[in-house]
Amino acid sequence: MAVTKELLQMDLYALLGIEEQAADKEVKKAYRQKALSCHPDKNPDNPKAAELFHQLSQALEVLTDAAARAAYDKVRKAKKQAAARTQKLDEKRKRVKLDLEARERQAQAQGSEEEEENRSTRTLEQEIARLREEGSRQLQEQQRLIQEQIRQDREQRLRGKVENNEGKGTPKLKLKWKCKKEDESQGGYSKDVLLRLLQKYGEVLNLVISSKKAGTAVVEFATVKAAELAFRNEVGLVDNPLKISWLEGQPQDTAGPSHPELSKGSVLSERDYESLVMMRMRQAAERQQLIAQMQQEDKGQLT
């Protein structure tokens with residue numbers, strides 16, 4: 001009952017910053033944005049963060065369930081109408097009206113408006129109780145998404161620190177398999193198939209299948225360990241195996257000499273050295289283009 005009374009005093013739409021006609025998708029989006037900013041894990045020193053997070057969770061529960069939302073809207077509409085009627089009265093008439101209503105409440109067990117409000121309140125109580133019993137799947141899913149967002153933010157910050165300290169980018173592998181240009185099945189390797197094969201080794205940040213060269217893709221892992229496991233263990237489909245090679249971020253202990261002509265002790269001519277530098281510059285530009293393409297695809301998937 002305490003929870004219901006608290007809800008009746010709150011404007012859940014104003015709390016989430018949305019219009020009364022907002023669809024479920026807008027409600028969930030507003031909840032994620034506000035709940036992420038006041039999540040207790042991100043505000044350990046703010047005692048009011050947990051209370052606000054709880055209120056946002058209650059708002060999500062009610063406004064994403066059709067029956068509960070209808071009951072809440074009915075109570076909210078009745079209160080707004082009553083407030084509007086009261087506001088139109090001047091102070092003298094308001095005192096007379098309030099006194100008259102008090103006497104009527106004493107004389108009558110229930111008035112018509114009070115009975116309607118009580119029925120709406122009971123309906124709202126029943127819907128909230130039902131949501132509690134069902135485990136509030138909507139709330140659990142949204143909170144899971146928030147926890148996942150927080151985890152990804154932390155991992156991204158950690159990756160940024162590692163890259164700043166070591167001067168290295170994320171590890172990338174090149175994948176090749178047999179595939180003809182006109183083959184719409186791409187040799188059996190769609191993006192979903194490749195992700196299922198690779199994600200068991202660790203988090204995959206990006207996966208790009210070449211649109212120009214059939215049977216070629218590049219995968220970016222979050223950690224060198226995951227990339228190394230995939231490089232050593234993944235063979236792909238039985239009838240069309242994968243050929244995996246390092247593109248970037250290969251561990252020092254497994255990498256061979258990056259330039260055999262230097263390891264043999266030979267001296268590069270000025271022209272050879274210039275060609276080598278230009279090759280490295282082209283490779284760096286290609287890597288930047290690849291990373292930009294991956295980020296663009298990620299943005300497209302999120303929207």
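The legends below describe close-up views of a predicted model. Local features require pLDDT of at least 70 and side-chain atom pairs count only at pLDDT 80 or more, while totals for chains, interfaces and linings use all residues. Residues are numbered from 1 along each chain as its sequence is written, and side-chain values use heavy atoms, with hydrogens and water left out.

**View 1. The second largest pocket and its lining.** The second largest pocket holds about 920 Å³ of space. A pocket is here an open set of points on a 1 Å grid over the protein atoms alone, where a 1.4 Å probe fits, with protein on both sides within 12 Å along at least five of seven lines; lining residues have an atom within 4 Å of a point. Its volume is the space filled by probe spheres set on the points, which are joined across faces, edges and corners. The lining comprises 25 residues, and those nearest the centre are Ala 82, Arg 85, Glu 113, Glu 114 and Glu 117. Helices α5 (66-88), α6 (91-107) and α7 (112-133) each supply at least two lining residues; helices are DSSP runs (H or I, at least four residues) numbered from the N terminus.

**View 2. The salt bridge between Arg 130 and Asp 65.** The closest N and O atoms of this pair are 2.7 Å apart; a salt bridge is a side-chain nitrogen of Lys or Arg within 4 Å of a carboxyl oxygen of Asp or Glu. Arg 130 belongs to helix α7 and Asp 65 to the loop between α4 (47-63) and α5, so the pair ties together parts that are 65 residues apart in sequence. Asp 65 is buried at 15% relative accessibility, whereas Arg 130, at 25%, is partly exposed. Buried means under 20% relative accessible area, exposed over 50%, and partly exposed in between (1.4 Å probe, protein chains only).

**View 3. The salt bridge between Glu 116 and Arg 119.** The N to O distance is 2.6 Å. Both residues lie in helix α7, 3 residues apart, and are therefore separated by about one helical turn. Glu 116 is partly exposed at 29%, and Arg 119 is partly exposed at 38%.

**View 4. The salt bridge between Glu 228 and Arg 232.** The closest N and O atoms lie 2.6 Å apart. Helix α10 (residues 224-233) contains both residues, 4 residues apart, about one turn of the helix. Glu 228 is buried at 14%, while Arg 232 is exposed at 55%.
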